[in-house]
Amino acid sequence: MIAKFPYGEALVQLPADDSASPGLKPQRFKHRLHELPLFSDDALIGLLDRYPRERIQVFTMGTDPTCSEDWASVEKGNASGAELLQAVRQGRLWINVVRVQADDSPLADLVQRVYGELRELRPQFRPDGITSTLLISSPQAQVYYHVDGPANLLWHIRGRKRLFVYPPVLPYLSRERLEDIFANVVGEEMRYDPSWDHDAVVIDLDPGDWAAWPHNSPHRVENLG
């Protein structure tokens, strides 16, 4: 499986210092995924054309980071991969291509390769399972303030992003809200106060960067073009 992936050099980079282990604090690391042809325009169009339509989720959003109610699902209809990618370029869209580790063979091989390397670099990294989503988003898109149930890593491929990570304590996150999220009583989005940015760790991501943060830390994302 991992050996079948046709790239000889390591794709994941981590410092030798064990204190730089993903998840201990908000941190940025390096990778080489952006050098692969899997993420060219043509490759993304081909993926969107052949991928199961029910596993392609399209959303739009507003410009105010405090108005998470502007996040809305978009009907993709019979739009082709080229049309979807063009809509991403021109609009404020966010496409989730979900479960690529199971449904697209080249990307499934890549997911195995990347997390295999991560296990070798950090033997204590032993997730029960890995679910990967390919995100394709507009130059000025954003993701509203929220907290995820599962632990996450963000592998950045193209464009530029700014990631804001907040402490997983009051007032940024209450235990009651977190319990409700895990119980599926409420969604992951939460009230956001811009004054909290003073206490956020801000990480700018360029192609070839990846980020990790402590589990259940609230965060939000701004694309920077």
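**Close-up views of strand pairing in a predicted model**

**View A. Strand β2 alongside strand β11.** Strand β2 (residues 27–31) runs antiparallel to β11, and 4 bridges join the two strands. Within this pairing, Q27 has A212 of β11 as its bridge partner. The model shown here and in the following views is predicted.

**View B. Strand β8 alongside strand β11.** Strand β11 also pairs with β8 (residues 153–155), in the antiparallel sense and over 3 bridges. Here L153 has A212 in β11 as its bridge partner. A212 is likewise the bridge partner of Q27, a residue of strand β2 (residues 27–31).

**View C. Side chains of strand β11.** Strand β11 comprises residues 209–212. D209 and A211 point one way from the strand, whereas W210 and A212 point the other way. All of these residues, on either side of β11, are buried.

**View D. The open sheet containing β7, β12, β9 and β10.** An open sheet is formed by 4 strands, arranged in the order β7-β12-β9-β10, with antiparallel pairing. Its edge strands are β7 (142–146) and β10 (201–205), each of which pairs on one side only. From one strand to the next, the twist averages 15°.

**View E. Strands β9 and β12 within the open sheet.** Strand β9 (residues 161–165) is joined by 5 bridges to strand β12 (residues 219–223), and the two run antiparallel. In this pairing, L163 stands opposite V221 of β12. In the order of the sheet, β12 lies between β7 and β9, while β9 lies between β12 and β10.

Notes
Residues are numbered from 1 along each chain as its sequence is written. This is a predicted model: local features need pLDDT of at least 70, side-chain atom pairs count only at pLDDT 80 or more; totals for chains, interfaces and linings use all residues. Side-chain values use heavy atoms; hydrogens and water are left out. Two strands pair if DSSP finds at least two bridges between them. Axes are lines fitted to C-alpha atoms, for helices over the stretch in contact, and angles run from 0 to 180 degrees between N-to-C directions. Buried means under 20% relative accessible area, exposed over 50%, partly exposed in between (1.4 Å probe, protein chains only).
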